[in-house]
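Subject: Structure handover

Hello,

Here is the structure for your work. My notes on it follow.

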Amino acid sequence: MPFISWLNPPHRLLSFFLAVTLLPAASLVWMGWRLFQQDQVLAAQRLQERREYAADLIVRALHKRLAEEEKAFGDPSWTKANANADDVLLVFFGAGTWEAFPKTRLLYLPYSLPPPESTDRLFRSGEEYEFRSQDFAKAIAEFRRLLSSDNSMVRAGARLRIARNLRKAGQFEAALAEYQALAQLEAVLVDNIPAGLLGRRARCALLAERQRFDELRQEAKVLRADLYRARWLMDQAVYRLHAQDIADWIGPESASERETLSLAGGLAWLWEKGSVVSTGKEWSSQGRHSLEIEGRLVTLLWKHTPERTIVLIAGPRYAEQFWLATLQPILAAQSVLLALKSSEGQSVHGASRATVAPQTQRSVADTGLPWTLLVANADPQAEMDGFAARRRLLLAGLMMIVILVSAGSYAMSRALLRELAAARLQSDFVAAVSHEFRTPLASLRQLTENLVDGRVTTEERLQTYHQAQARATRRLHRLVEDLLDFGRMEAGALRYRLAPTDAGTLVRTTVEEFQQEVACRGCTVEAGIESAGCRFNADREALMRALWNLLDNAVKYSPAGRPVQVEMARSGDWLEIAVRDHGLGIDAREQKKVFRKFFRGSASVAAGAKGTGLGLAMVEHIVRAHGGTVRLKSILGQGSTFTICLPVLPDGPNGKSD
Ligand code: ADP
């Protein structure tokens, strides 16, 4: 119910006004917010588009670059120029032949060597002595006879067995020397193991057994260096066996050794794959692949012609220098980072930040390149900042609109409410003034009619009639004067004529006149006037009217019979004239407003008291013009005290006159 009544005019108008202004403002804010969100999405989209576009460019450029490489890498001129390039191995396989560039990087052949022609029967008699009768001296003598053989493989086999028997016989120094002699046969194969490698490894093993570690370290180091320089030809199994032994003696390989190893590993992978796929007969005419070996991204390019197979195995440094370097202008122009993943999707090469989302991927299946590409924005923050600045501007604009609309609505609604209140007050005022006039006019008419009709016959009644006529006339006069003075006040045309005045006389005269006026209504005014002889500068007429208004209100807003007190007292340089009643009192929330023109308190309106709402406005105007103030103390239901404070004139030698 209270809410519904609140919606009556003028609040209905106000609500309508607020709805009309705030709804568009709210929808504006909502649209702004949507715009803001869309802008964010757009920013992310732009970054993605940039990555996609850059990824396409990169794919195209890499295809072009690899195609050039594939076209060239079999040519003699290319081979000559790149034979010793860093981190790369080029291998040609023909019918039963092979060739590697640089040769020192092909650590082992990817396929097993054919089984050697058997020479076992030549060693049978020696081995009978060695294993059956454990007669090492006879065995050695038997094997020594074979050292004069024309076949180097037989000679190497004999040396190996002699050394073995010397070892068994406890002649270690002689065994070491024999192994040394075996090693000097270098490339001669003993069971597909080069004699150089076999002899030196056997020496190391004997030194390890004899715990001659210094010598072992020295020899194993030199052996490893030769192994990683591809000094001998061997297959993968032999290589692995020896590399493992050396690692057991002197620890793992160096980084550069592992690099070479990874290239040989690439070739082994391809060989295995090729034989698995096509049983060695037919490979696809060309191919690309990458994989992770020894923690490195190894890339393979191969092609087949009827005569030969050509394989290029590139480490990351080669890829960087000859393929990826061509992408630099694209990466810089598009402000992106690139990382590569191997075809199997493990190893990552390139900017590690490119592996963190958001990134764009191009898989091997999509591109036909040997790697999966990861493309990320180089500085997404900086690019987003550009958008952020725009968004900030948008936000600031939105805030401005909201502030302006709210402030405008607030100001307009206030003005509207004021206007509505003023309109209401004015209409109340007109009604009140009409009412005020009607009462004395009605009584005047009544009195006059009675007189004219000759109904008043006795002298005494005649006297009463004339007094009543005079009262009604005075009231009308005061009313008209009030209105005229109020009009002048509003126009700023009211002039006060101040003159030194005796306060006591002024207050007493006013109170007496008022008492006469209200005596018939049964009201009593009690006056306690001290500080006789106190003087101030006053417009007598105006000040009497102010005091009269206060007295009039005190009587008007008190139930009949309650006395009104007037007190005058001096307080320092100030004279205080207080009018106290025990009537309706004024609500604390209205105590400031009662001095506004046309304002009428709710309690008095509810009590049906007549009034124009001008009395107190005039009191305040007059008192201010005298350099004073009006104070109000009131408790609703208990009564009010209005106190006029005016500055007094200093007591002078002739300050006693009126
Ligand atoms: P009005 O013609 O209504 O009396 P005033 O300007 O004299 O106009 O007073 C303004 C309002 O102040 C009054 O309507 C009344 O509500 C309140 N008022 C003034 N004097 C008193 C009083 N002595 N006791 C209670 N209310 C008062």
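Predicted model: local features only at pLDDT ≥ 70, side-chain atom pairs only at ≥ 80, totals over all residues.

N192 is not a glycine, yet its phi is positive, at about 65°. The residue sits in the loop that runs between β3 (189–190) and β4 (193–194).

S335 is another residue with a positive phi, here about 55°, and it is not a glycine either. Its place is the loop between α13 (328–334) and β8 (336–341). With a relative accessibility of 22%, S335 counts as partly exposed, because that class lies between the 20% and 50% limits.

There is also a cis peptide bond, between F101 and P102, with omega at about -15°. P102 belongs to the loop between β2 (98–101) and α4 (120–132). As background for these entries, most residues other than glycine have a negative phi, and most peptide bonds are trans.

**The ligand site**

How many residues surround the ligand, and which are the closest? The shell holds 20 residues, and the closest are N553, Y557, D581, R600 and S604.

On its own the ligand has 530 Å² of accessible area, and the protein covers 97% of that.

By class, the shell residues are eight nonpolar, nine polar and three charged. Three elements, α18 (540–556), α20 (615–625) and β18 (639–647), each supply at least two of the shell residues. Which of the elements gives the most to the shell? That is α18, with three residues.

**The five-stranded sheet**

Five strands make up an open sheet, ordered β2-β1-β7-β6-β5, with antiparallel pairing. Its edge strands are β2 and β5 (286–293), each of which pairs on one side only. From one strand to the next, the twist averages 15°. In general, strands of a sheet pair through backbone hydrogen bonds, either parallel or antiparallel.

Inside this order, β1 (residues 88–93) and β7 (residues 309–314) run antiparallel and are joined by six bridges. V91 stands opposite V311 in β7.

Strand β6 (residues 296–304) contains L300. Is L300 buried or exposed? L300 counts as buried, because its relative accessibility is 0%. L300 is 15 residues from G315 in sequence, and their C-alpha atoms are 9.0 Å apart in space.

**Residues to find in the viewer**

- Positive phi: N192, at about 65°, and S335, at about 55°.
- Cis peptide: F101 and P102.
- Sheet: V91, opposite V311, and L300 in β6.

Regards

Note on methods: Residues numbered from 1 in each chain as written. Heavy atoms only, no water. Near = heavy atom within 4 Å. Areas by Shrake-Rupley, 256 points an atom, 1.4 Å probe, with all protein chains shown as cover. Helix = DSSP H or I, 4+ residues; strand = E, 2+ residues; numbered from the N terminus. Nonpolar A, V, L, I, M, F, W, Y, C, P; charged D, E, K, R; others polar. Buried < 20%, exposed > 50% of the residue type's maximum accessible area, 1.4 Å probe, protein only. Pairing = 2+ DSSP bridges. Axes fitted to C-alpha atoms, helices over the stretch in contact; angles between N-to-C directions.
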